[in-house]
Amino acid sequence: MLDVVVVGAGMAGLSATRRLADAGFQVQCLEARARVGGRAHSFTLPNGARIDRGCAWLHSADINPLVGVAEGLGFKVERYEGSWSEPFTRKLVGAARYEEWAKVRDAVWEAYPAAKDWAEDRPLTAHFPDDSAWLSHWSAIISYIWGTSPEQLSGKGNALDLDTGINSRTALGYGSVVARYGQGLPVATDAPVSRIALTKDAVRVDSAKGSLEARSVVLAVPVSLLQAEVIAFEPGLPERKLWALEGLPLGSNNKVHLAVTGKTPWPKQDFFASFRVDRVAVGQYQFHSFGQSLVEGYFGGDLSRDMAKAGPAEFGAFAKEEIAAHYGNDAKRCLSFLHATAWDLDPWTLGGYSYPKVGYAEARSALAEPLEGRLFFAGEATHVQHAATCHGAYLSGQRAAEEAMDVLKA
């Protein structure tokens, strides 16, 4: 009998597996995909550009433990000195209008921590200024961050998030860091789990590669799979877990990648831009990341979900039209479609990353609670301060492994 079965080989599952293996426990990780990494996945496009299909930025880099992990694995981590699209927005709207924009920005950021003191939970928009033409733009920004609109986002839950605003990246890709971190671990791929049964003396885990018995299980899959009941539980999950799952849906976050050739109407430098400030349904674009001949578009919320459903060709056409609307039709000649993600349609993800709905500010901590001392929960959705990040997933895996070890040692 194994000590622990870990279900899921994303960053959370790999983190738990490594911690347990390093401590000398008998552990086996089961992964549904043919690869490790989950929502962290780097690869090279046909034009030679290196991209991350999922997470790409080491957020809160000054306190992010994966910066040290990446460097220890031989990756060069680079501090990104620019800000997202704010410098471009300053030029786009002009000095006078930018002052108005900045006032709304400050009001939005100040609303975040203020929500901690609310007597009861409300949407994040409750403390936003309600008379500004810039709110659509800020709703778009929040959709990139959380994959949903601020009207759907718990103000108190959002206030628990800790982001220092310092971002780093690595040219070989965040997904490459995760994949290398997982090398040498006991991971069985192409092994989707269908059932977890808590018996009298053990936990039985049924997968496409057979059944395993262990003293405990660390569950490290996206909450969307639990919500969709992809895995059956015997006995069923208790009400508190079902309540937490109800309050933590996955938002939608997708990317489109365009190759750049020829003379461009924009500078050949690494910069971010968002070309519309008067609506929510807009993309945010990074040009020439790491000097590559590439435009990467970031999409969130309803627009992201709609583009995933429309398909890659429509996704690419939308991005080219947005860029051409600002730089002129000649811009289209410089751009050709390469790749688009559709995480919403991926059967092992079914979305981007989690956000707390209004009224569910405590759902993350509830989901993280161990069950009967034998079932432990990990994943970005279970981390209160660093949810929706790869390092939050890593930290949750460490925590779940420590919880399991405490019981196993008793």
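# Cores, strands and salt bridges in a predicted model

Visitor: Which residues have the most contacts inside the largest nonpolar core?

Guide: The largest nonpolar core has 38 residues. A nonpolar core here is a set of buried Ala, Val, Leu, Ile, Met, Phe, Trp, Tyr and Cys residues joined through side-chain atoms within 4.5 Å; buried means under 20% relative accessible area, exposed over 50%, and partly exposed in between, with a 1.4 Å probe and protein chains only. The residues with the most contacts inside this core are V4, V6, M11, L14, L20, L66 and V218.

Visitor: Which element gives the largest share of this core?

Guide: Helices (H or I, at least four residues) and strands (E, at least two) are DSSP runs, numbered from the N terminus. The elements that give two or more residues to the core are β1 (2–7), α1 (11–22), β2 (27–30), α2 (65–72), α7 (174–181) and α14 (390–409). The largest share, eight residues, comes from α14.

Visitor: What is the basis of the model and its numbering?

Guide: This is a predicted model, in which local features need pLDDT of at least 70 and side-chain atom pairs count only at pLDDT 80 or more, while totals for chains, interfaces and linings use all residues. Residues are numbered from 1 along each chain as its sequence is written, and side-chain values use heavy atoms, with hydrogens and water left out.

Visitor: Which residues does L20 touch, leaving aside those up to four places away in sequence?

Guide: Contact means heavy atoms within 4.5 Å. With residues up to four places away in sequence not counted, L20 touches V4, V6, F25, V27, A401 and M405.

Visitor: How many residues are in the second, separate core?

Guide: This second core includes L2, I196, A214 and L371. Its number of residues is 33.

Visitor: How far apart in space are V7 and I196, C-alpha to C-alpha?

Guide: V7 lies in strand β1 and is buried, because its relative accessible area is 3%. Among the residues it touches are L30, V193, I196 and I231. V7 and I196 are 189 residues apart in sequence, and their C-alpha distance in space is 9.8 Å.

Visitor: Is strand β15 mostly covered or mostly open, and how many of its residues are buried?

Guide: In a regular strand the side chains alternate between the two faces of the sheet. On one side of β15, L294, E296, Y298 and G300 are buried, and on the other V295, G297 and F299 are buried. Strand β15 (residues 294–300) is thus mostly covered, and the buried count is seven of its seven residues.

Visitor: Which residue in the turn between β14 and β15 has a positive phi?

Guide: Two strands pair if DSSP finds at least two bridges between them. Four bridges join β14 (residues 284–287) to β15, and the two run antiparallel, with Q284 opposite Y298. The two strands form a hairpin with six residues between them, and the turn residue with a positive phi, about 55°, is H288.

Visitor: How many bridges join β12 to β15?

Guide: Strand β12 (residues 253–260) runs antiparallel to β15. A259 stands opposite L294 in β15. The number of bridges joining β12 to β15 is seven.

Visitor: What distance separates the end C-alpha atoms of helix α4?

Guide: The expected span of a helix is 1.5 Å times one less than its number of residues. Helix α4 (residues 95–114) has 20 residues, so its span should be 28 Å. The end C-alpha atoms agree with this, at 29 Å.

Visitor: Which helices do the buried residues of α4 pack against?

Guide: The buried residues of α4 include Y98, W101, V108 and Y112. They pack against α3 (86–93), α5 (135–146) and α6 (155–159).

Visitor: How many residues apart in sequence are the parts tied together by D346 and R33?

Guide: A salt bridge is a side-chain nitrogen of Lys or Arg within 4 Å of a carboxyl oxygen of Asp or Glu. D346 forms one with R33, the closest N and O atoms being 2.9 Å apart. D346 counts as buried at 14% relative accessibility, and R33 counts as buried at 11%. D346 lies in the loop between β16 (335–340) and α13 (363–368) and R33 in the loop between β2 and β3 (42–44), so the pair ties together parts separated in sequence by 313 residues.
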